[in-house]
Amino acid sequence: MHENHAHCAHSHASNKVVLKNSFLIISAFMLVEIAGGFATNSLALLSDAGHMLSDAAALGLSLFAFKFGERKGNLQKTFGYRRIEILAATINAVTLIVIAVFIVIEAARRLQNPPEVATAGMLAISTLGLAVNIVVALYMLRGGDVRENVNMRGAYLHVLSDAAGSVGAIAAALAMMCFGWGWADAAASLLVAALIVKSGWGVLKDSLNILMEGSPKGVSLDALVTQIRGVDGVLSVHDLHVWSITSGANALTAHVVVSGELRVREAERIMAEISHEMEHLGITHTTLQLESSESECADELICEVRSSDTGGHLGHSH
């Protein structure tokens with residue numbers, strides 16, 4: 001357990017350093033690409049610059065979320081502020097989709113009347129942009145937790161889709177230089193928009209699932225229930241709730257029915273064994289209520305949580 005906490009602390013610190021350095025690199029090149037986009041009159045470059053602006057905002061927001069999330073829990077926020085990370089990921093995803101809509105609108109206008117584009121400058125800047133994005137993406141992949149942490153993954157996907165956008169800008173510049181296809185610039189920006197929506201939708205879906213207290217991704221409820229029921233002394237389990245506080249911090253509450261003849265020490269053994277088994281299945285915070293007789297929803301694995309205006313007391317019945 002101490003090893004898990006040490007690993008989480010190391011991962012958290014590593015994520016912050018990676019985000020900070022990536023934010024500085026992306027922000028610096030974003031200014032270059034904005035200037036280049038206006039100078040060459042390239043929508044593909046400007047849309048890529050807009051995406052890099054969202055990259056910088058995403059990285060900065062994610063970094064703020066990590067730092068703010070370090071604050072300890074209190075009587076008002078008993079789980080602490082870790083869920084700020086999920087709010088940041090949600091805002092990043094929505095921002096991506098909004099940017100994509102604006103790119104599509106401008107691309108449609110340009111397809112009807114393609115403007116002149118300085119292709120040589122566009123090619124040089126987009127090639128440099130691709131190199132910057134690849135370097136930052138590899139740095140984030142190796143130094144940060146982009147697989148398990150939805151906040152880090154959101155920032156990482158911003159950078160990856162921006163790299164793909166740079167490839168589109170390069171292809172458009174070459175198409176205009178070699179074949180005189182004036183529409184290629186707008187077409188490349190539409191490709192960027194599609195990539196932005198794809199990455200944004202994935203992060204939005206994951207973050208909304210966490211905000212809606214959905215079952216954590218990668219956690220099997222069937223396996224959890226089987227493991228609890230398999231513990232010696234457990235008769236049944238009901239009123240089970242499993243959710244994510246934030247990425248990598250999953251919680252579980254359950255009512256566990258045991259024999260009324262058990263001594264306190266034996267009951268504590270059962271609780272400790274269940275908590276231990278839950279850790280192996282990805283649950284970091286377990287709260288159990290032991291019962292000697294089954295409650296009114298004992299036949300239901302998932303009980304409805306009643307609010308105070310339904311005639312009962314706040315929370316589920318005991």
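Reader: What covers the buried residues of H7?
Author: The cover includes strand E1 (234–246), strand E2 (249–258) and helix H8 (264–280). Helices (H or I, at least four residues) and strands (E, at least two) are DSSP runs, numbered from the N terminus. This is a predicted model, in which local features need pLDDT of at least 70 and side-chain atom pairs count only at pLDDT 80 or more, while totals for chains, interfaces and linings use all residues. Residues are numbered from 1 along each chain as its sequence is written, and side-chain values use heavy atoms, leaving out hydrogens and water.

Reader: Which residues of H7 are buried?
Author: In helix H7 (residues 221–229), they are Leu224, Val225 and Ile228. Buried means under 20% relative accessible area, exposed over 50%, and partly exposed in between (1.4 Å probe, protein chains only).

Reader: Why do they line one face of the helix?
Author: Seen down the axis of H7, the buried residues fall within an arc of 95°, so they line one face. The arc is taken from the directions from the helix axis to the C-beta atoms.

Reader: And which exposed residues are on the face turned away?
Author: That face of H7 carries Asp222 and Thr226.

Reader: New topic: how many residues has the largest nonpolar core?
Author: It has 35 residues, and Leu19, Met140 and Met152 are among those with the most contacts inside it. Such a core is a set of buried Ala, Val, Leu, Ile, Met, Phe, Trp, Tyr and Cys residues joined through side-chain atoms within 4.5 Å.

Reader: Which helix gives the most to this core?
Author: Helix H5 does, with eleven residues.

Note on methods:
Contact means heavy atoms within 4.5 Å.
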